[in-house]
Amino acid sequence: MSRLFLFIMVSLFLIAKLQAQCIKGYVFDESHRPIEYANALLLLQSDSSFVEGTITDANGHFSFGNRVDTEGYILKVSYVSYIDKYVEIHTNSKIDSIILHPDNIELNEVIVRGNKKIVSKNNYGISANIENSYLSHTGNANDVLSHLPLFVEKEDGIQILGKGKPVIYIDNRLVKDESELERLSSNSIKHIDIITKPGSEYSSSVKAVVKIYTIRTKNRGFEINMQSYVNMRERTSEYFGGELRYNYNGLNVFINGDFLDNRRDYERRTAYTTKQSETSYRGDVSSNGQNAHVSGGISYDWKQHSWGVRYEYATVPSNKEQQNLNVDDSNLFYTTKSKFQNESNSQYINAYYNGKIAAWLTEFNFDYSRGLFDKLSNINESHKTNPIVYTTKDSYNLLAAQWKFNRHFKENAINFGAEYHRTTLNSVQQMLQKNDEKELSDVDNINKQLLAAVFADYNHEWEHMSLIAGVRLEHTRFDYYEHGRKIQEQSKKYTTLLPYLTFNYDLGNIEAGLSLREYIERPSYASLGNVTTYTSSKTRWQGNPYLESTQTFDINMDLMYRELMVSLGAQFIKNGIFEVNQSSSEDESILIVKPINLPKYNCYYLDASYSFHCGIWHPILNASVQYQNLKYGINQEKYNKPLGEFFINNRFSFKRDWNIWLSFGYRINGNYATGYTYGYKNLGLTISKSFFNKALLLKLDCRDILNTGREKIKVETNNLLMMDSSIGNTRAIKFSITYKFKSLSDKFKGRGTSQDEIARLKRVLY
């Protein structure tokens, strides 16, 4: 296999060498920073007619292949708010770098009509040109993403086929609150990079990255953006958000905030089967939650340096859930009423510095976050004398820093750096009333984690090929304490080497790639706690301090031909984490739901996306199929039924800024880990219209019109069964209003480095 692979690589290299010469180079600004998505046009010297066009990548690099010779051409390089650059091309001429200088002339908006190609492949995934395309009229950044290939919109947000939820950046600034996507107008977006092969600089658990770049503008002064929407389900929910920004030369000051009053209802239908009993729960669940967020910051650009600091405060002043259920416990009937009330708040500070040291570009990011979570649970069951009342309190501190250096020259680029994280979480559970529950008790545990990592990437490009090789070395120390005493057998130390390799080949209309990468997914801190939660009279949820991190080695091949994209891969999974059913050691009639490490298994997947145009109809079709060979349980049950998802998003284009989208999603029956889904169907409709030169946007969004978006789920392990067929809570009609007084670019460049840890602290934050 190794000889065959080497033969194929050498053959492709020789074909590329023999086939054509290449015109290539780099584009920089006056500070020698790479300019992404600058336009590079190849023109004939004789009459300046257009020959070929391309755009620069993240390193400012561009290339033209398929030239028998390089004589008689003119290269034109342009970028918004910069002076165009013209370079004469001669045989064997080399273009190492092109410097663009700022243009002080203000440009008016130019509208281009037509169906230009939006999506193209790059070394790390795909890119989408949004400016002057039909997607620039969709509404906001969230709408743009949901109408791109490979993206699907689900109940918990935007996801990428086969990759899950991506990490999102806007102008290289980490997005921690997805409401920012709602505030960013679609006509402010220049282009989007979808990185499906993230390099070693990203956290070891990151499977996809989305980088949104806004249109550069010379505007100075104030900008005000406001948004509001009403979400109508069984009850209405309201959202209000706004942003104030001031730009002057290199100074950027901003403040923004939002408030959401969220009300949701659904009918719970859950059944459990143990060795001793069959129990079903059916009834209404109602929740009322309020979320508020405010952030502000300042940044300043001076010559070759940029620095800034950002502060965010998020709070859940009130989040209540009430369940009124009827229980059938092996023909014993009773009712149960449960009330859960929690509140939380968190603070986050990000500071950054970007600059040039000698010939190297450097980035430094520092994050600090702290938060509190407090929950009161009160469960009353008609067949029991005393209610079950207890509190859960969490407090955490998080500190993280990353320093990165990069340099690119000719066909090479080098990127290396180091990262450090320190997290402390204290979880306390206190029973407020005596009860007969043996599983429930007072808990006081502390999780401490130190993570240090170094990483390096090397990028080399030929005429039609590119090779990216990288490595990430992580050392983690995890200490677990109960009632102030360190538990040695539950504390861990480990060092992991994570390789990364990507090979890309470009032959005009056909672009192909091969990548290999290893991921680490660490369990959430809630899962690592030694806490037992009372979920119903016959079920408990229990943490597992012995959990180990999941290691996944991923081999992926992708192909892009015109508007068709196909990705084929295999994942070799070790210590996969999933919740399974176990019997209680105290009472076999009680079912314990507990996260565990599954045995080794493989998962094979195929993702595909295709788009085309037919008159006013412009559909995008996405499909994903996966198969796993998992065996687990006392009797080694097989969990290997293939799982498939299919989505079609139809755009109908009309004049005068009217947009209509009709979407449909469908999932077939199949296994994911030890879970089994019976699938779902989802039909949605969106209508939008902009006014006053796109300053005002009105949008009507109807989600899950048929109210079939909730999927029936079964988890059957160790001869114990949980079945959930709850209904409702997915159909919604959302009407939103967005008004932009003025458009200014966001100058804050803080990337942040703690997104992975923040996700693991999700219970604390949300």
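Let's start with one pair. Leu41 stands opposite Gly53, which belongs to strand 3. Strands here are DSSP runs of E with at least two residues, helices are runs of H or I with at least four, and both are numbered from the N terminus.

Some ground rules. This is a predicted model, where local features need pLDDT of at least 70, side-chain atom pairs count only at pLDDT 80 or more, and totals for chains, interfaces and linings use all residues. Residues are numbered from 1 along each chain as its sequence is written, and side-chain values use heavy atoms, with hydrogens and water left out.

Back to that pair. Strand 2, residues 39-44, is joined to strand 3 by five bridges, and the two run antiparallel. Two strands count as paired if DSSP finds at least two bridges between them. The open sheet they sit in has four strands, in the order 3-2-5-6, with antiparallel pairing. Its edges are strand 3 (50-55) and strand 6 (85-89), each pairing on one side only. From one strand to the next, the twist averages 20°. Such angles run from 0 to 180 degrees between N-to-C directions, with axes as lines fitted to C-alpha atoms, for helices over the stretch in contact.

Now the whole chain. It has six helices and 48 strands. How much of it is buried? Of its 766 residues, 52% are buried. Buried means under 20% relative accessible area, exposed means over 50%, and partly exposed lies in between, using a 1.4 Å probe and protein chains only. Next, contacts, meaning heavy atoms within 4.5 Å. Among those between residues at least 6 apart in sequence, 65% join residues at least 24 apart.

On to strand 9, residues 125-129. Four of its five residues are buried. Strand 8 (residues 119-122) pairs with strand 9 in the antiparallel sense over four bridges. The two form a hairpin, with two residues between them. Asn122 has Gly125 as its bridge partner in strand 9. Strand 9 also pairs with strand 14 (residues 189-195), again antiparallel, over five bridges. There, Ala128 stands opposite Ile192 of strand 14.

Ile192 leads us to the core. A nonpolar core is a set of buried Ala, Val, Leu, Ile, Met, Phe, Trp, Tyr and Cys residues joined through side-chain atoms within 4.5 Å. The largest one has 28 residues, and Leu145, Leu148, Ile192 and Ile212 touch the most other members. Who supplies the core? At least two residues each come from strand 9, helix 2, strand 11 (157-160), strand 12 (167-170), strand 14 and strand 15 (209-214). Leaving out residues up to four places away in sequence, Leu145 touches Phe151, Ile158, Ile168, Leu181, Ile192, Val210 and Ile212. A second, separate core has 22 residues, including Tyr281, Leu598, Tyr632 and Ala673.

Next, the loop between helix 2 and strand 10. His147 is found there. Is His147 buried or exposed? It counts as buried, because its relative accessibility is 9%. Its side chain reaches the backbone oxygen of Asp143 at 2.5 Å. That is a polar contact: a pair of N or O atoms within 3.5 Å, where, within protein, one must be able to donate a hydrogen and the other to accept it, and residues adjacent in sequence count only if both atoms are side-chain atoms. Not counting residues up to four places away in sequence, His147 also touches Leu135, Ile620, Asn649 and Trp661.

Now for backbone angles. Most residues other than glycine have a negative phi. Leu150 has a positive phi, near 80°. Leu150 lies in the loop between helix 2 (141-146) and strand 10 (151-154). It is buried, at 13% relative accessibility. His483 also has a positive phi, of about 50°. It sits in the loop between strand 26 (465-482) and strand 27 (485-486). But His483 is exposed, at 57%.

Cys614 counts as partly exposed, at 46%.

Four strands run in the order 30-31-35-34, with mixed pairing. Strand 30 (532-536) and strand 34 (577-583) are the edges. Neighbouring strands are turned by 30° against each other on average, direction ignored. Strand 34 is joined to strand 35 (residues 591-597) by seven bridges, antiparallel. We end as we began, on a pair: Ile577 stands opposite Asn597 in strand 35.
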